[in-house]
Amino acid sequence: MKSQLVNCFESRLPLIGLESVDDEHTDQMLAEALADFKGDVWSFDAARGGVDEATQQPLGEENPFSENSSRSVSERLATFLDRVITDCRPVSAVLILRDVGTLLAEPEIAARLKVIARMTESAAEKGEDYRVQVVVREREVALTADLASLGTVMTVPVLDETSLAELVRAFAAHHE
């Protein structure tokens, strides 16, 4: 699964959906797949807003605890995406959207994601540095027809007993 994800990043696929019931395992797999990525990794979720994954610090006004915290999650996500569209050129970044799946069907959010995808595709054709890929990590990823044409949705398998036992052994060894 991790190698499939690495291939998606290397091929600059604009939109990657990851369906998973195990958030921690999926986030770990994402971190491993992005270990050699030369660029920024930002995330957005309803609780924290926009966050730099490397520092875990809020990205500017996207801090949900700022004066702007009265705005809806949809408005905060739209602003986050607007900043990527307008303020980040040239840039190489991966955006991880967590637990915002219902917002993907909103026309304002879908339109912004399409703009980001088109900008990335256009830059690749012209040999420009702009590259933004969006990862949607949800229990269930439901993309509109327009968004589905921009990427793929993968289901992260639940760990089997052998894999779980290895994780427990590694955890125990690390915490002895």
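Just after helix 4, Gly127 takes a positive phi of about 75°; helices here (H or I, at least four residues) and strands (E, at least two) are DSSP runs, numbered from the N terminus. This is a predicted model, in which local features need pLDDT of at least 70, side-chain atom pairs count only at pLDDT 80 or more, and totals for chains, interfaces and linings use all residues. Residues are numbered from 1 along each chain as its sequence is written, and side-chain values use heavy atoms, with hydrogens and water left out.

Helix 4 itself (residues 107-126) reaches 28 Å from its first C-alpha to its last, close to the 28 Å expected at 1.5 Å a residue (the expected span is 1.5 Å times one less than the number of residues). Its buried residues (under 20% relative accessible area, 1.4 Å probe, protein chains only) include Ile109, Leu113 and Met119. Helix 3 (73-87) and helix 5 (145-148) are among the elements covering the buried residues of helix 4, where contact means heavy atoms within 4.5 Å.

Let's turn to helix 1. In this helix (residues 2-10), Leu5, Cys8 and Phe9 are buried. They cover an arc of only 95° around the axis, so they sit on the same side of helix 1; the arc is that of the directions from the helix axis to the C-beta atoms. Just after helix 1, Arg12 has a positive phi of about 60°.

Arg137 is buried, at a relative accessible area of 3%, and it touches Leu18, Thr26 and Leu97, among others. Its side chain also makes polar contacts (N or O atoms within 3.5 Å, one able to donate a hydrogen and the other to accept it; residues adjacent in sequence count only if both atoms are side-chain atoms):

| Side-chain pair | Polar contact |
|---|---|
| Arg137 and Asp23 | 3.1 Å |
| Arg137 and Asp27 | 3.1 Å |

Methods:
Buried < 20%, exposed > 50% of the residue type's maximum accessible area, 1.4 Å probe, protein only. Lists of a residue's contacts leave out its neighbours within four places in sequence.
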